[in-house]
Amino acid sequence: SPDAGVTKLVIEAVGGGGGSSNTGGSKGVTGAAGGGYARVSLAVTSATVINIQIGTAGAAGVGSEGVGQDGGATTVTYVSGGSSFTPAISANGGEKGTIASGVQPTTDGGTATGPTGGLYIQGERGAAWCANDSNQWGGGSMLGTGGRPLSTGDPRAQLGTGYGAGASGGNEGTGEGDPGTQGVVIIYEYK
């Protein structure tokens, strides 16, 4: 619940970043995608109760052909008291990195939705793999930077930084991908 005397909340929410996959041989891996972003202003009272769920980081793919996991959704929902708001604020997680031969599509960043008047920005896509490189950059979010390969052709997956960042893909045989970074909710109170 807000502190006494608070009449407005500004809420920022970011979904979890996707985890990257790992492969070996001639296949390639896309970067995992970043989480969506929402910024919403809400009229509230000190009696307003909300529920917050933080989006989890997408898990890393482990071993040869190990597939990562999508990032989790970050949600803020009205529970009771004060002014209600619908729909819930939702910042979805970024997609996991994928494994395939040849050129393949990018992975999609998480979307975001919520009450009318909010700011909703999709997370950055993970970069597509192509035949002249071994792995690709992870997608960022509004509060995080996607994982970047150490150099062109470097097979090791890399972590992103901040919140809601996707990891870069891995192509080191029996190695592993990297996890994304978790989501976050930041709340500003105004009297």
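**Notebook: a predicted all-strand chain**

I began at the surface, where Ile52, Ile54 and Ile187 form a nonpolar patch with about 210 Å² of accessible area together. For the patch I kept to the rule that its residues have over 30% relative accessible area and no salt bridge, with like charges joined within 9 Å and nonpolar side chains (Val, Leu, Ile, Met, Phe, Trp, Tyr) within 5 Å. The areas come from the Shrake-Rupley method with a 1.4 Å probe, and for residues only the protein chains shown count as cover. I noted that this is a predicted model, in which local features need pLDDT of at least 70 and side-chain atom pairs count only at pLDDT 80 or more, while totals for chains, interfaces and linings use all residues. Residues are numbered from 1 along each chain as its sequence is written, and side-chain values use heavy atoms, with hydrogens and water left out.

I then placed Ile187, which sits in strand S12 (residues 184-190). Because its relative accessibility is 36%, Ile187 counts as partly exposed; buried means under 20% relative accessible area, exposed over 50%, and partly exposed in between (1.4 Å probe, protein chains only).

**The whole chain**

I looked up the secondary structure next and found 0 helices and 12 strands in the protein chain, where helices (H or I, at least four residues) and strands (E, at least two) are DSSP runs numbered from the N terminus. Of the 191 residues, 48% count as buried. The accessible surface of the chain comes to about 8,100 Å², and 51% of that belongs to carbon and sulfur atoms. Taking a contact to mean heavy atoms within 4.5 Å, I noted that residues 24 or more positions apart account for 66% of the contacts with a separation of 6 or more.

**The sheet and its strands**

Which strands form an open sheet, and in what order? I found 4 strands in the order S4-S5-S6-S8, with antiparallel pairing, two strands being paired if DSSP finds at least two bridges between them. S4 and S8 are the edge strands, since each pairs on one side only.

Strand S4 (residues 49-53) and strand S5 (residues 74-80) are antiparallel and pair over 5 bridges. Along this pairing I could follow Val49, whose bridge partner in S5 is Ser80, and Gln53, which stands opposite Thr75 in S5. On to strand S6 (residues 89-91), S5 is joined by 3 bridges, again running antiparallel, and there Val76 stands opposite Ile89 in S6.

I stopped at Asn51, which is placed in strand S4 and counts as partly exposed because its relative accessibility is 40%. Leaving aside neighbours within four places in sequence, Asn51 is in contact with Thr75, Val76, Thr77 and Val79. The C-alpha atoms of Asn51 and Thr77 are separated by 5.2 Å, although the two residues are 26 residues apart along the chain.

**The nonpolar core**

Which residues touch the most other members of the largest nonpolar core? Of its 14 residues, I found these to be Ile11, Leu42, Val76 and Ile89. S1, S3 and S6 each supply at least two residues of this core. A nonpolar core is here a set of buried Ala, Val, Leu, Ile, Met, Phe, Trp, Tyr and Cys residues joined through side-chain atoms within 4.5 Å. Not counting residues up to four places away in sequence, Val76 touches Ile11, Ile50, Asn51, Ile52, Phe85, Ala88, Ile89 and Val185.

**Salt bridges**

With a salt bridge taken as a side-chain nitrogen of Lys or Arg within 4 Å of a carboxyl oxygen of Asp or Glu, I counted 2 salt bridges. In one of them Glu12 pairs with Arg39, the closest N and O atoms being 3.6 Å apart. This pair links distant parts of the chain, with Glu12 in strand S1 (residues 8-14) and Arg39 in strand S3 (residues 37-43), 27 residues apart. Glu12 counts as buried because its relative accessibility is 8%, whereas Arg39, at 34%, counts as partly exposed.

Arg125 forms a salt bridge with Asp108, with the closest N and O atoms 3.6 Å apart. Arg125 lies in the loop between strand S9 (119-121) and strand S10 (144-145) and Asp108 in the loop between strand S7 (99-100) and strand S8 (112-113), so the pair ties together parts that are 17 residues apart in sequence. At 53% relative accessibility Arg125 counts as exposed, while Asp108 is partly exposed with a relative accessible area of 33%.
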